[in-house]
Amino acid sequence: MGAGEAEKLITANEVSQHSSLNDLWLVVDNVVYDLSHFAPEHPGGAAVLLQHAGRDATRAYAEVHSPSLIKTSLPASSRIGTLDRTTMPQNWSNPPPQTQAPPSQKAASKPPLETLINAHDFELAAQSSFTPKAWAFVSSAATDCLTKSRNSSAYDSITLRPRVLRDVSAADLSTEMLGHRIKAPIFCAPTSMGRIVHVEGERELGRGCQRMGLPQCVSTSCSYPLGEVMDAVEQEAEVMSKETSESKSEREVEPVPVFFQLYVDRDRRKSENLLKMVRERGVKAIFLTIDAPVIGKREADERIKSDESMSVPMSGAQAKNDKKGGALGRLMGSFIDASLTWDDVAWLRKHAPGLPIVLKGIQTSMDAIKAMEVGVEAIYLTNHGGRSLDTAPATILVLLELQKCCPQIFERMEVYIDGGITRGTDIFKALCLGARAVGIGRGFLFSLNYGKEGIEHFVDILMDELKTTMQMCGITSLDQVHPGLLHTGAVDHLVPGSEEHPYAKWRRRLRTSKL
């Protein structure tokens with residue numbers, strides 16, 4: 001079909017006459033597509049396409065797919081023309097009755113954003129307003145959720161030692177991360193499937209982070225292609241620059257770095273092509289995930305079926321349900337290469353030349369030392385928010401282990417941490433123990449519930465709390481933090497002192513049967 005034919009105006013009445021499996025038209029973003037040949041091969045099944053056959057499917061499409069997917073994955077011959085919007089009947093764009101959720105599945109109304117005054121309020125608002133599947137996906141953790149709980153409770157057991165009678169009338173929260181100046185020691189940790197929370201997903205996260213001067217780390221399992229996230233970030237930066245110019249402010253808008261989190265595909269060529277695109281789009285570092293060679297058992301997520309039309313553009317993973325359940329993480333992480341080893345850091349260097357490498361998932365001092373020896377620029381202490389291996393140590397205890405067993409690494413690499421961080425005091429404690437910055441995952445997704453404004457409000461709350469904590473402890477900049485501002489006695493007994501167990505020396509020996 002030629003370009004001229006593709007621009008042909010088509011009435012809503014004509015579209016509605018093509019509503020069977022063998023003759024299936026639908027509309028996405030005002031473009032009319034003929035999906036008759038594609039429907040039987042649709043990864044989410046033909047049924048979901050039939051529900052929207054002969055009508056406008058934009059809203060349903062946008063809930064699970066990035067805007068560019070249909071444009072890039074279908075042949076040009078599938079495009080029939082452009083919808084004549086003047087012919088659209090009232091409510092024609094609304095979903096058909098059979099696709100609407102039953103009353104028990106409908107999201108409750110959210111409390112007004114201005115009534116939320118801490119990170120816990122954002123979580124409660126999400127719990128009451130997310131869809132059941134979105135809540136299960138975001139909030140779930142591995143098996144009994146003990147590590148998720150301990151990530152948070154370990155901070156509660158560390159107390160502050162405030163210093164007084166110091167001039168703390170002004171405090172500076174800014175710091176550097178991999179050589180980039182950032183407004184506060186916080187970054188948006190890589191999270192998957194942002195569109196399950198907000199239609200703009202990671203694009204909106206990027207806008208909010210840009211506004212607040214904080215880095216965003218984009219996941220391989222992002223619900224948008226990286227290019228579309230970068231476009232949103234760059235456009236937001238342009239808007240901010242224009243606003244600054246119009247207000248005649250002397251403050252310049254500094255670009256905020258975007259990082260990329262890599263799950264290595266079993267087909268290395270796919271990861272190599274992805275890394276090439278990452279470099280071309282100006283990403284500033286690669287965060288290599290190493291704590292999830294396989295996906296943990298997240299039971300709350302397994303219990304609720306996945307929408308099988310949902311897919312991830314960068315990995316190509318497709319949601320489905322099986323006899324184990326419907327956990328998005330497990331089903332959409334099946335492409336991950338479980339054979340990854342330390343030797344593969346050299347492979348990553350080769351295919352991401354010039355980019356800093358951050359190893360995401362360090363959980364012992366032994367692996368921190370190994371990371372230092374292979375020469376990466378930073379390590380990221382994380383247990384995937386308790387989503388991978390239950391009863392793995394709380395991340396703040398791993399940070400203490402590094403101080404105890406290998407303090408030299410803090411001079412050689414930057415150290416980041418996430419897990420259980422919901423207060424400014426938590427951030428302060430991590431910084432005092434040597435972390436350069438903290439990542440927050442679930443909190444940003446909870447705030448995404450309110451769009452860009454929610455992200456800004458969430459970050460403002462954390463920054464206010466951190467600033468107050470600094471001033472109360474007698475410091476005014478982050479180069480003044482140190483372990484002496486904390487008392488860790490309540491958790492010190494939980495921190496290992498070496499690779500070996502303190503008294504159990506048993507090792508299994510191979511035995512030859514006497515039978």
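Leu-178 sits in the loop between strand 7 (175-177) and strand 8 (180-182). Helices here are DSSP runs of H or I with at least four residues, strands are runs of E with at least two, and both are numbered from the N terminus. This is a predicted model, in which local features need pLDDT of at least 70 and side-chain atom pairs count only at pLDDT 80 or more, while totals for chains, interfaces and linings use all residues. Residues are numbered from 1 along each chain as its sequence is written, and side-chain values use heavy atoms, with hydrogens and water left out.

The phi of Leu-178 is near 55°, a positive value in a residue other than glycine. Most residues other than glycine have a negative phi. At 15% relative accessibility, Leu-178 counts as buried. Buried means under 20% relative accessible area, exposed means over 50%, and partly exposed lies in between, with a 1.4 Å probe and protein chains only. His-384 also calls for a look at its backbone. His-384 has a positive phi of about 65° although it is not a glycine. His-384 is found in the loop between strand 14 and helix 16. With 12% relative accessibility, His-384 counts as buried.

Now turn to helix 10. Helix 10 has 21 residues. From first C-alpha to last it reaches 30 Å, close to the 30 Å expected at 1.5 Å a residue. The expected span is 1.5 Å times one less than the number of residues. The buried residues of helix 10 include Leu-226, Val-229, Met-230, Val-233 and Met-240. What covers the buried residues includes helix 9, strand 10, strand 11, helix 11 and helix 20 (451-472).

Met-230 is buried, with a relative accessible area of 5%. Leaving out residues up to four places away in sequence, Met-230 touches Val-258, Arg-281, Gly-282 and Val-283. Contact means heavy atoms within 4.5 Å. Val-258 is 28 residues from Met-230 along the chain, and their C-alpha atoms are separated by 8.1 Å.

Ser-221 lies in the loop between strand 10 (216-219) and helix 10. Ser-221 counts as buried at 8% relative accessibility. Not counting residues up to four places away in sequence, Ser-221 touches Ser-192, Met-193, Tyr-263 and Val-312.

Next, the neighbour helix 9. Two packed helices are described by the angle between their axes and the distance between the axes. Helix 9 (residues 201-212) packs against helix 10 at an angle of about 35°, with the axes 8 Å apart. Axes are lines fitted to C-alpha atoms, for helices over the stretch in contact, and angles run from 0 to 180 degrees between N-to-C directions. The crossing of helix 9 with helix 10 is right-handed. A crossing is right-handed if the near helix is turned clockwise from the far one by less than a right angle, and left-handed if anticlockwise. Helix 9 contributes Glu-202, Arg-203, Gly-206, Arg-207, Gln-210 and Arg-211 to the contact. From helix 10 come residues including Glu-228, Ala-232, Glu-236 and Met-240. The contact residues divide into six nonpolar, two polar and seven charged. Ala, Val, Leu, Ile, Met, Phe, Trp, Tyr, Cys and Pro count as nonpolar, Asp, Glu, Lys and Arg as charged, and the others, Gly among them, as polar.

Helix 11 (residues 268-280) has 13 residues, which should span 18 Å at 1.5 Å a residue. Its end C-alpha atoms are 19 Å apart, which agrees. The buried residues of helix 11 are Arg-268, Ser-271, Leu-274, Leu-275 and Val-278. Seen down the axis of helix 11, they fall within an arc of 120°, so they line one face of the helix. The arc is that of the directions from the helix axis to the C-beta atoms. On the other side of helix 11, Arg-269, Asn-273 and Glu-280 are exposed. The buried residues pack against helix 10 (226-246), strand 11 (258-262), strand 12 (286-289) and helix 14 (344-351). Just after helix 11, Gly-282 takes a positive phi of about 85°.
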